[in-house]
Amino acid sequence: MTLKIAFAGFRHGHIMGLYNKAQSSALLDIVAACEEDDAVRLGLESARDVKITHSNIDQMLAETPCDMVAVGDYYSKRGSIIIRSLAAGKHVIADKPICTSLDELTEIEKLARSKNLQVGCQLDLRGNPNIYGARELIKNGDLGNIHAIQFGGQHPLLPGSRPGWYFEDGKHGGTINDIAIHAIDVIPWMTGLVPEEVIAARTWNAFAVNAPNFNDGAQFMIKMNNGCGVLGDVSYFAPDSCGFNLPYYWRFTIWGTLGVLEFNISEPFLKLALNGSSGVSQIALPAQVGPDYLDDFIEAINGKNVELNNDAVINAARRTLIIQQAADQKLYSVQL
């Protein structure tokens, strides 16, 4: 059965990835698209990238028969759109982050549970072959027990192409919440370990000197349920001229009792050094990849058990928001 999907907000370019997937899916029918910002709406209509049907989200929800709503407005607006969509009985899928406050997330979880609705998120690292290959090695026990993980998800800031609202007070919600949710989602999925405690977290203004209120630096340390320490850096420090092409973009180093595994998401191999070997071996990537976020969302709506389900999305969002809050409020030793 074809599901009807309506789009609410196009203030971040990531939502176009979902829009294009929906356009090409035989399982989805795009029945409406709303953009409340006049300038963004006119730009979309002029470029003919999206067929805009509404300029008011509540009106679209009230008069458009649909099964699900896809949300891509600016970050701090997403939570209220998701809450209103769930209250209207619609499944919801959103670009990350799905919201910028723990109170909103609590309401989202409550509505989804009470109305038996699905909440999806564009957490696409699970579909990366490097991530999947690392998961298989860890599941097979090749690394032994995992005790330390370092990762970097540094992005270029690209201030000329980032939406202007990034730098407006109250609209972005924090660099950790913006970027780190990908790692907070895939690290438990790769390792089977559960985040337990925020040891420390910090954000600060470094490169974005023309936007002193925007904290483009973001680092944190968390503890997993087995005592494993995780050090993360999701700063906007990558050179703009290099874009997303550097090997430091989503790079992971995972230390276990039997060896160390390192990889980034763009190279066609994993690097593995095991105790007893004399150096580093290159491991070919598996032909299989992890689940696609949209496929899992549709299958969950159809009543199937999936890995990227409501609990996974809500847990990743909550843990990331708690880390962001720890950084904002200079808190230490916060339970996840």
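Q: Where is the place of Lys-330?
A: Lys-330 sits in the loop between helix 9 (310–329) and strand 14. Helices (H or I, at least four residues) and strands (E, at least two) are DSSP runs, numbered from the N terminus. The model is predicted: local features need pLDDT of at least 70, side-chain atom pairs count only at pLDDT 80 or more, and totals for chains, interfaces and linings use all residues. Residues are numbered from 1 along each chain as its sequence is written, and side-chain values use heavy atoms, with hydrogens and water left out.

Q: What is the phi of Lys-330 near?
A: Phi of Lys-330 is near 55°, a positive value in a residue other than glycine.

Q: Is Lys-330 buried or exposed?
A: Start with the cut-offs. Buried means under 20% relative accessible area, exposed over 50%, and partly exposed in between (1.4 Å probe, protein chains only). Lys-330 has a relative accessible area of 64%, so Lys-330 is exposed.

Q: Where is the place of Asn-116, and what is its phi?
A: Asn-116 lies in the loop between helix 5 and strand 5 (119–121). Its phi is positive, about 55°, although Asn-116 is not a glycine. Asn-116 is exposed, because its relative accessible area is 63%.

Q: Which glycine follows helix 4, and what is its phi near?
A: Gly-89 follows helix 4, with a positive phi near 85°. Helix 4 covers residues 75–87, and its buried residues include Tyr-75, Ile-81 and Leu-86.

Q: Which peptide bond is cis?
A: The bond from Lys-96 to Pro-97 is cis, with omega near -10°. Pro-97 is in the loop between strand 4 (91–94) and helix 5 (102–115).

Q: How many residues of helix 6 are buried?
A: Eight of the 11 residues of helix 6 (residues 129–139) are buried, so helix 6 is largely enclosed by the rest of the structure. Among them are Ile-131, Tyr-132, Arg-135 and Leu-137.

Q: What do the buried residues of helix 6 pack against?
A: Look for contacts, meaning heavy atoms within 4.5 Å. The buried residues of helix 6 pack against strand 6 (146–153), helix 7 (175–191), strand 10 (249–256), strand 11 and strand 12.

Q: Which residue caps the N-terminal end of helix 6?
A: Asn-128 does. A side-chain oxygen of Asn-128 lies 2.9 Å from the backbone nitrogen of Asn-130. Just after helix 6, Gly-141 has a positive phi of about 85°.

Q: How do I read a sheet?
A: Strands of a sheet pair through backbone hydrogen bonds, either parallel or antiparallel. In this text, two strands pair if DSSP finds at least two bridges between them. Here an open sheet of nine strands has the order 13-12-11-10-6-9-8-7-14, with mixed pairing. Strand 13 and strand 14 (334–335) are the edge strands, since each pairs on one side only.

Q: How many bridges join strand 10 to strand 11?
A: Six bridges join these strands, which run antiparallel. Gly-256 has Gly-259 in strand 11 as its bridge partner.

Q: How many bridges join strand 11 to strand 12?
A: Four bridges join strand 11 (residues 259–264) to strand 12 (residues 269–274), and the two run antiparallel. Val-260 stands opposite Ala-273 in strand 12. A hairpin of four residues links the two strands.

Q: What about strand 12 and strand 13 (residues 281–284)?
A: They are antiparallel too, joined by four bridges. Leu-272 has Ser-281 in strand 13 as its bridge partner. This hairpin has six residues between the strands, and in it Gly-276 takes a positive phi near 110°.

Q: Where does Phe-151 lie, and is Phe-151 buried or exposed?
A: Phe-151 lies in strand 6. Phe-151 is buried, with a relative accessible area of 5%.

Q: What is Phe-151 in contact with?
A: Leave aside its neighbours within four places in sequence. The contacts of Phe-151 then include Ala-183, Ile-187, Phe-220, Leu-231 and Trp-250. Phe-151 and Ala-180 are 29 residues apart in sequence and 10.0 Å apart in space, C-alpha to C-alpha.

Q: In which strand does Ile-199 lie?
A: Ile-199 lies in strand 7 (residues 195–204). Ile-199 has 31% relative accessibility, so Ile-199 counts as partly exposed.

Key. A polar contact is a pair of N or O atoms within 3.5 Å; within protein, one must be able to donate a hydrogen and the other to accept it, and residues adjacent in sequence count only if both atoms are side-chain atoms.
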